2 protein chains.
Amino acid sequence: MKVASIGLGLIGGSFALSLKKNFAEIQLYGMDKNPKHLQKALELNIIDQALSDEDLIEMDLVVVSIPVDKANSVILDVLDKVHPKALVMDMGSTKGKLCKAIAEHPKRDQFLAAHPIAGTEFSGPEAAFSLLFEKKTMIFCDVEASRPELLDLALSLIAPLEMSIKYMGAEDHDKHLAYVSHLSHISSFMLGKTVLQVEQNDKTIFDLAGSGFASTVRLAKSNPVTWTAIFKENQEEVVRALEEYIHNLQAFKGQLEQSHYSEINQQLQEVNNLTPILNGILKKESHGN
Amino acid sequence: MKVASIGLGLIGGSFALSLKKNFAEIQLYGMDKNPKHLQKALELNIIDQALSDEDLIEMDLVVVSIPVDKANSVILDVLDKVHPKALVMDMGSTKGKLCKAIAEHPKRDQFLAAHPIAGTEFSGPEAAFSLLFEKKTMIFCDVEASRPELLDLALSLIAPLEMSIKYMGAEDHDKHLAYVSHLSHISSFMLGKTVLQVEQNDKTIFDLAGSGFASTVRLAKSNPVTWTAIFKENQEEVVRALEEYIHNLQAFKGQLEQSHYSEINQQLQEVNNLTPILNGILKKESHGN
């Protein structure tokens, strides 16, 4: 079986490594816009050989893991070129615009929109590891548009990873992810920005900040190119989530200015209700890392 | 040597445990507004006996670790009652109002304002552990107002914890902490609130959220009473920090609405500069937990 990985960063690299580990017979081809990533992926044995455009017709599976604002055109091009029995999957964090862009392609049923809920704040092939996806959630979007035997193929290839599989509509996916993932990244990046503006002396941040600060701004280490693309592709939903977040912060500021402390306390108590969910997520995550 | 711990939660309990571990001759007395905390602290051998008001005159050291909005009056009362050679320390997260409130007390020089930069999202005596403060930062505020030999006593008692000691003015302390600690907690609580408002079905959050979300809202598990008190005591600085944070979020939303993606990317790149500081904090924290 021949598999091509287009995009050899954290996600593409980790998926390639898991396939190589679990399926000895798979031959892995790879492509990356960044020639250093390609070289590194070859050195680290993430892939067996570089992929050329001419190789595409021979692939049984093409996995696209690149910034989401570049994915639409690459996937359309790949669909044009692949064998009529091949599966094309993407691993991006947004799905709405992509699924619309490819809706009318004659090979639409060879495409499967996938989003593994897994990642770290690191990027590039050096950050990839074969267990990144193990026991995490995999979301497949709009599967009714994909050929059933190709969905089965995808399921069989990720079976060794023991992922929890969820099926959602692409629009619905983007709406939920705006809240539980994209908004977190913005809150973290902007918190980092606010602190950097005030604490011009880095040493002060280092000396005074504890694990709480480090935890809330951990995502500010994330890859700017990856995340600018996500915010762009999910612009409408992200703006809406951001509006609600800003509204809540302004209301909190108002309560503080008016010394409404019992309301503030009540509100924090209600948010504490997240605790069991968070403990569950952390437990789930600890399986994979 | 006799030490009293007023407040037997995470901070007071952990400091008591470290004293008992490192100084066998110390007798530990304890007091807590919550009778269950007192009982638990006795059961867990965090303290040797309950503290009565009459015992106060015999204490060599009184450590106050209670919600910061209650600390001012308790400390004034304790200063009234302690022996003229005793040291009184507080461990709270805000210092400005407190140092003002006690400035004219005749025993002001027996008081030392301390803030250990250490904590977890858990609370109560069960959450206490003797190594909480190990290798963390300890801030002493306005030390010029404290009797030098009493500062030396405090330093000798925390010496086994190998803490990094910083000296700051109380006002300056509150200004910096508003940014590197208090704002993080608000951003986390409000992120949790925003997601809970939209995702009425908890299962969706659980299924779709990854470690990124868990990390940014970890602080939303923090104790509402402790944190309402901190926001109250540091109201002015917290409101200012919150205004700047909201301003940055609004500017980001504007860039997103106007599709200024290269500006967004540039901005995220600049925030990435925090990475070495964050890695340093995480390394520092990992010593103690």
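This is a predicted model: local features need pLDDT of at least 70, side-chain atom pairs count only at pLDDT 80 or more; totals for chains, interfaces and linings use all residues.
Select B:Val3 and B:Leu28. B:Val3 stands opposite B:Leu28, which lies in β2 of chain B. Now widen the selection to the two strands around them. They are β1, residues 2–6, and β2, residues 27–31, of chain B. Five bridges pair them, in the parallel sense.

**The sheet of chain B**

Show the strands of chain B as a cartoon. Which order do the eight strands take? Read across the open sheet: β3-β2-β1-β4-β5-β6-β7-β8. The pairing is mixed. Go to the two edges next. One edge strand of chain B is β3 (49–50), and the other is β8; each pairs on one side only.

Select residues 137–141 of chain B for β7, then residues 164–168 for β8. The two strands run parallel and share five bridges. For a landmark, pick B:Ile139, which has B:Lys166 of β8(B) opposite.

**Across to chain A**

Move to chain A and show its strands. Its open sheet also has eight strands with mixed pairing, in the order β3-β2-β1-β4-β5-β6-β7-β8. The edges of this sheet are β3 (49–50) and β8 (164–168) of chain A, and each pairs on one side only.

Select residues 61–64 and residues 87–90 of chain A. These are β4 and β5, parallel strands joined by four bridges.

Now take β7 of chain A, residues 137–141. It pairs with β8(A) in the parallel sense, over five bridges. Here A:Met138 has A:Ile165 of β8(A) opposite. Follow the chain from β7(A) to β8(A): the path goes through helix α5, residues 148–158 of chain A, and the β-α-β crossover is right-handed.

**The axis**

Zoom out until both chains are in view. Two copies of a chain are related by a rotation about an axis and a shift along it.

**The interface**

Select the residues of each chain that touch the other. There are 90 in chain B, in contact with 90 in chain A. The copies meet through the same surface, because 100% of the interface residues of chain B are also interface residues in chain A.

Highlight B:Val180, B:Leu208 and B:Lys221. In chain B, these three lose the most area to chain A, together 8% of what that side buries.

Next, look at the polar links. Between chain B and chain A, 33 residue pairs are in polar contact, with both residues at pLDDT 80 or more. Which helix gives the most to the side of chain B that touches chain A? Color helix α6 of chain B, residues 170–198: it contributes 20 residues.

**Last stop: a salt bridge**

Over all chains, the salt bridges number 28. Between chain B and chain A, the count is four. Finish on B:Lys253 and A:Glu243. Their side chains form a salt bridge, with the closest N and O atoms 3.3 Å apart. The pair crosses between chains, from helix α10 (residues 235–257) of chain B to helix α10 (residues 235–257) of chain A.

Note on methods
Residues are numbered from 1 along each chain as its sequence is written. Chains are lettered from A and ligands numbered from 1 in the order in which they are written. Side-chain values use heavy atoms; hydrogens and water are left out. Two strands pair if DSSP finds at least two bridges between them. Contact means heavy atoms within 4.5 Å. Buried area is the accessible area (1.4 Å probe) that two parts lose on being put together, summed over both. A polar contact is a pair of N or O atoms within 3.5 Å; within protein, one must be able to donate a hydrogen and the other to accept it, and residues adjacent in sequence count only if both atoms are side-chain atoms. A crossover is right-handed if, with the strands pointing away from the viewer, the path from the first strand over the helix to the second runs clockwise.
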